[in-house]
Amino acid sequence: MQESESSAEPSAAVWRCGRFAWGPQRTLVMGILNLTPDSFSDGGRYPGPSDAVAAARIMIDDGADILDLGAESTRPGAAPISEAEELDRLLPVLEALAGAPVALSVDTRRPAVMRAALAAGADMINDVEALAAPGAIATVADSGCGLCLMHMRGSPLTMQQAPAYREVVGEVAGFLQSRLGEALAGGIADERIVLDPGIGFGKDLGHNLALLHSLERIAALGRPVLVGASRKSMLGALTGRAVDERLAGSIAVALAAASRGARVLRVHDVRETVDALRVWNAIEAGEPVKHD
Ligand code: HH2
């Protein structure tokens, strides 16, 4: 296991993720690698596995800590694909990247895909359904993989149809606490888990802003928090910019999230986010921060 940071941390502060373990000293960057024809921002960008692997290598050079491979779009309105199709898109790329010097995460909701991904060398499972599928918890329990439990209201097909909450932060925190409890009861060590409020998953602009504003309440659940807001429609609503013009907005939300305790940022623009975090981290520390 590569200990990227000091192992003298209290255990609640450590996040164990397959071959890696990180303390809270610096915010981690997760680069998005969508192997889909229809993702909202980068769908269809990589015609074949070798194109995706080349893009992954660039993100690694740019300073990503984690790569998140997604073979099924979960954008609002996206229809599910078959398990065979998901595996066909995912495995050639994952196998080509096995052993890479970054954690390899797989964004999936299906236990069979989780199992195949772990066998092919994945360090992490990122599940937008927080391991709700029957058998999902048992599938990952015995591995040492990192796990992201995310909040979503409804399914990608329907989630943006008038989402409503009484008090969005409390409800999202309550959901994540309950899924964390289920995972622990299923034999998963808490130090493997990160929690994600699920920006844009069954939330309108007000809900997303409330969650980001009060991110500390999610962090108060005691696990590292992951935030994925890169290029999302909330940034379009705030700036009027098209998807491919949301870099500045994405950096702003990344730094705001980091300043409120996010430990992992899921982003399309790795190089720019890493640069922004290096500057922000150094100012927070009052001195340059070592980057390994
Ligand atoms: N957002 C997307 C997909 N997976 N996983 C986590 N943990 N958090 C997120 O916010 C999140 C996620 C949607 O973004 P993207 O992958 O860019 O698009 P698509 O779902 O269309 O592939």
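This is a predicted model: local features need pLDDT of at least 70, side-chain atom pairs count only at pLDDT 80 or more; totals for chains, interfaces and linings use all residues.
Figure 1. The buried residues of α6 pack against α5 (168-185), α7 (215-219), β10 (225-227), α8 (233-239) and α9 (247-259). Helix α6 itself covers residues 205-213, and its buried residues are His207, Asn208, Leu211 and Leu212. Because these buried residues fall within an arc of 130° when the helix is seen down its axis, they line one face of α6. An α-helix has 3.6 residues a turn, so residues three or four places apart point the same way. At the start of α6, a side-chain oxygen of aspartate 204 comes to within 3.1 Å of the backbone nitrogen of glycine 206.

Figure 2. The ligand has 18 residues around it, of which Ser39, Ser73, Asn126, Asp196 and Lys232 come nearest. A nitrogen atom of the ligand lies 2.8 Å from a polar side-chain atom of aspartate 107, while an oxygen atom of the ligand is found 3.2 Å from an N or O atom in the side chain of asparagine 34. The side chain of histidine 268 also places a polar atom 3.0 Å from an oxygen atom of the ligand. The ligand would expose 480 Å² if taken alone, and the protein buries 98% of that area.

**Figure 3. Threonine 108 in the loop between β6 and α3.** The loop that holds threonine 108 runs between strand β6 (103-107) and helix α3 (111-119). Threonine 108 has a relative accessible area of 1%, and is therefore buried. The side chain of threonine 108 is joined to that of glutamate 86 by a polar contact of 2.7 Å. Leaving aside residues up to four places away in sequence, threonine 108 touches Glu86, Val113, Met114, Ile125, Asn126 and Asp127; Asn126 is also listed among the residues that come nearest to the ligand.

**Figure 4. The protein chain as the setting for the close-up views.** The protein chain contains 10 helices and 11 strands. Its radius of gyration is 17 Å, close to the 19 Å that the globule rule gives for 292 residues, so the protein chain is as compact as a globular protein of that length. Along the principal axes, the C-alpha atoms of the protein chain fill a box of roughly 50 × 45 × 40 Å. Buried residues make up 55% of the 292 residues, and the protein chain exposes about 11,800 Å², of which carbon and sulfur atoms supply 53%. Among contacts with a separation of 6 or more, 67% are accounted for by residues 24 or more positions apart.

Key: Residues are numbered from 1 along each chain as its sequence is written. Side-chain values use heavy atoms; hydrogens and water are left out. Buried means under 20% relative accessible area, exposed over 50%, partly exposed in between (1.4 Å probe, protein chains only). Helices (H or I, at least four residues) and strands (E, at least two) are DSSP runs, numbered from the N terminus. The arc is that of the directions from the helix axis to the C-beta atoms. Contact means heavy atoms within 4.5 Å. A polar contact is a pair of N or O atoms within 3.5 Å; within protein, one must be able to donate a hydrogen and the other to accept it, and residues adjacent in sequence count only if both atoms are side-chain atoms. A residue is near a molecule or strand if one of its heavy atoms lies within 4 Å of it. Accessible areas come from the Shrake-Rupley method with a 1.4 Å probe; for residues, only the protein chains shown count as cover. The radius of gyration is taken over C-alpha atoms; the globule rule is 2.2 Å times the number of residues to the power 0.38.
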